[in-house]
Amino acid sequence: MIKVEKAAFAYEKSPFLFHDLSFSVQKGETLAILGANGIGKTTFLRCLMGFLKLKEGKVSIAGKDISQMSSTEFWKLVSYVPQAKNLVFGYSVLNMVVMGRSQYVPFGRVPSKKDFDYAMHILTEMGLQDLADRSCNQLSGGQLQMVLIARALCKEPKILIMDEPESNLDMKNQLKVLDIVEKLAHKNNLTILINTHFPANALRCSDKTLLLKADTYLFGETSAVINRENIQDYFDIQAEVINIQEGGKHYQGIIPINLLPQDVQPA
Amino acid sequence: MKHAKPKRVCLFLFIALIAGMLAALCIGRYSMPLSTVVQSLFSPGQLSETGVRVWTLTDTVVWNVRLPRILMAVLIGAGLSVSGVSLQAMFGNPLVSSHVLGVSYSAGFGAALGILLFNNFLYIQILATAMGFVGMLMTYRMSRRKGQSSTLMLVLSGVIVGAVFEALTSLIKFVADPEQKLPAITYWLMGTISGTDWLDILKAAPLIIMAIAVLWMLRWRLNVVSLREDEAIATGIRLKQTRMLIIIATTVIASVTVSFCGVIAFIGLAVPHLMRMLCGNDHRVLLTACCFGGGIFLLLIDTMARSITASEIPLSILTAIVGAPIFAMLLHKTGGAWDD
C-alpha cells in the first residue's frame with residue numbers, strides 16, 4: 001500500500017535527519033515509528049504527508065508516486081490524526097467530526113444531512129454519540145483524541161497517519177486508542193502509520209516497526225525489531241522486555257532499567 | 001455557556017434590524033411619526049390639484065436624506081462585522097479584525113493620499129483599495145513563521161503595519177494645505193456617513209454585497225480554515241485558494257468602507273464577539289448573525305451620531321465610546337465565549 005524508497009530529508013543547512021530510508025507497508029497493516037525525541041519521527045510523517053518535501057527518494061501509494069498526485073487525490077486516500085490540543089474556537093463534536101467530510105462539500109455549500117448522518121454513524125460506532133452536542137474544548141484529552149480519530153475516519157480513508165495520538169493520555173485512554181488502532185487495521189482493513197514514544201504500545205498494536213536513529217534505521221516485524229539490544233542501541237538505555245500470559249494471550253512490556261554508564265550524571 | 005438556538009437568534013436579529021431601520025427613519029432633527037414614514041415609503045408624494053404627484057418635505061427627508069444614509073450604515077456595519085469574523089477564522093484567532101491587522105490604516109493612508117493628490121473620488125477609492133491590499137499582505141507575510149501565525153506575531157505585525165501607515169498619514173496631513181485639504185482628510189478619517197446619497201449607495205453596495213456574498217459562500221470552510229494549518233490541509237480543502245478569497249473579500253470591504261466613510265474602528269472586533277456569545281462558534285450561522293448584528297450596531301451608532309447633538313459626531317468616536325463598555329461588560333461576564 002505504502003512504499004518508501006531511498007527517502008532522505010534535511011532541514012536547510014543541517015545534516016540529513018534520515019537518508020536512504022526504504023520500507024513498505026501492506027494494506028491492513030500497522031506500522032509503528034519509534035525513536036528518541038528529536039530524531040525526526042514527526043518530520044518523517046510530515047514528509048509523507050507532503051507538508052515537507054523529501055530531498056531524495058520517493059513515496060508511493062498503491063503504486064502511484066505521491067509527488068505526481070494532486071492534493072485532492074492524496075487527501076482522499078489519507079487521513080491525518082493530530083495530537084489532541086485545545087482549539088481556538090470550540091466547535092461542537094458533531095461539527096468537528098463532519099469537517100472530515102469537507103472534501104465532499106462543494107464550494108459555496110454546507111455539509112448535507114447525509115454528511116451529518118455519516119458523522120453521527122461514526123460517532124455511534126465509536127461509542128461517542130452522547131458527546132455529539134458538547135463543545136470540543138470541554139472534552140477531556142482522551143475524549144478529544146477519540147473525536148479527532150472519528151473526524152479522520154469520517155473521510156472514509158484507506159490510510160491513517162497518527163502523530164503520537166496516545167502520548168498525552170492516561171493509561172485507560174491510551175488503551176482505548178490502541179484498541180481502536182488495532183480494530184481499524186484488522187477489521188476495517190486500514191493501513192495505519194503511528195508515531196509513538198512507547199515501544200510497549202508499538203508491541204501492542206503494530207505489525208511492523210520502524211526504529212529511527214541518527215544515520216540509520218531498522219525496519220521489520222515488530223516482535224523481531226523490539227528487543228533488549230535494539231532498545232539499548234536506539235534509545236540509549238538499558239531496558240528489559242517482559243512477557244506475561246493472561247487468558248491465553250501473550251502480552252509484552254518494556255521496563256527501562258537504567259541509563260547507560262556514560263549518561264549518568266556524577267552526583 | 002449554553003447558546004440560544006442559533007437560527008432563532010438570526011431571525012430575531014433580522015426582525016430587530018428591520019425595526020431599527022424603521023425607527024431610524026423616524027428619528028432625527030426633523031422627527032416624524034411612524035405612520036408618516038410608512039406612508040412616505042410606500043406611496044411618496046401627494047396628489048396636487050392638477051393630478052400630479054408632488055413630493056412633500058417628509059418624502060424628501062425619508063427618501064433622499066435618511067434612507068440612503070441608513071442603508072449605508074447597515075451595509076458597512078454588516079460588511080465590517082462579516083470581514084472581522086472571517087479574518088478571525090482565517091487566522092484562527094479571535095483577536096483580529098481588519099483594524100487590528102493594520103488594513104484600515106493602510107487603506108486610510110491610501111484615501112488620504114488620494115484626497116491630497118487628486119480630490120477625485122475614483123482615484124481616492126482606487127488608492128484606498130490598493131493600499132488596503134498592501135497593508136494586508138505586509139501583516140500576513142510578517143506574521144507567518146514556519147507556516148503558522150501566532151496571536152502575538154499577528155497582533156504585533158498589525159501594530160507595526162498600522163503604525164507605519166499612521167505615520168505616513170500624519171506626514172500627508174503635515175504637508176496638506178491647512179485651509180482645505182487638512183480638515184477634509186481629518187474629518188474623512190474620523191469616519192462619517194453624513195451626506196450619503198443614492199449615487200454613493202450605487203457605487204458602494206455592489207462591491208460590499210459581492211464581498212459579503214463570497215464570504216457567506218465560504219461559511220462552512222471558515223470552520224475548517226480556523227483549524228491548525230496541517231489539519232486544514234489534511235481535510236482536503238484547497239486552503240490557499242480559500243485564504244486568497246478571504247483576503248480579497250475582506251480587503252475589499254475594508255477599503256470600500258474607508259474610501260466612503262473613513263476609518264471606523266471596533267465593529268469588526270466587537271460584533272463578532274457579541275455574536276459568538278449569542279449563538280456559538282459555528283460559522284455557518286455566525287456569518288449570518290454577524291451580517292444582521294453588524295448592521296444593527298452601526299445603524300444604532302450612526303443614528304446617535306446624527307441625533308444626539310446639533311452637529312454630527314464622527315463615527316469612530318462613538319463606536320468606541322458606546323461599543324467598548326458593552327463589550328467590556330460582556331467579556332467580563334462570560335470570560336470570552338469563543339473557546340467553549
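This report describes a strand hairpin, a chain contact and a helix packing in a predicted model.

Residues are numbered from 1 along each chain as its sequence is written, and chains are lettered from A and ligands numbered from 1 in the order in which they are written. In this predicted model, local features need pLDDT of at least 70 and side-chain atom pairs count only at pLDDT 80 or more, whereas totals for chains, interfaces and linings use all residues.

Helices (H or I, at least four residues) and strands (E, at least two) are DSSP runs, numbered from the N terminus. The elements discussed below are as follows.

| Element | Residues |
|---|---|
| E9(A) | 208-213 |
| E10(A) | 216-221 |
| H9(B) | 219-225 |
| H10(B) | 229-234 |
| H3(B) | 57-90 |
| H12(B) | 267-279 |

In chain A, E9(A) and E10(A) run antiparallel and are joined by six bridges; strands pair if DSSP finds at least two bridges between them. Lys213(A) has Thr216(A) as its bridge partner in E10(A). Two residues lie between the strands of this hairpin, and Asp215(A) in the turn has a positive phi of about 75°.

The contact (C-beta atoms, placed from the backbone, within 7 Å) takes 23 residues from chain A and 21 residues from chain B. On the side of chain B that touches chain A, H9(B) and H10(B) each supply at least two residues, and H9(B) gives the largest share, four residues.

Within chain B, the axes of H3(B) and H12(B), lines fitted to C-alpha atoms over the stretch in contact, are 8 Å apart at an angle of about 75°. The two helices are therefore roughly perpendicular, a term for angles of 65 to 115 degrees. Among the residues making this contact are Gly77(B) and Leu80(B) of H3(B) and Ile267(B) and Pro272(B) of H12(B).

Definitions and conventions:
Two residues are in contact if their C-beta atoms, placed from the backbone, lie within 7 Å. Axes are lines fitted to C-alpha atoms, for helices over the stretch in contact, and angles run from 0 to 180 degrees between N-to-C directions. Angles under 35 degrees count as roughly parallel, over 145 as roughly antiparallel, 65 to 115 as roughly perpendicular and the rest as oblique.
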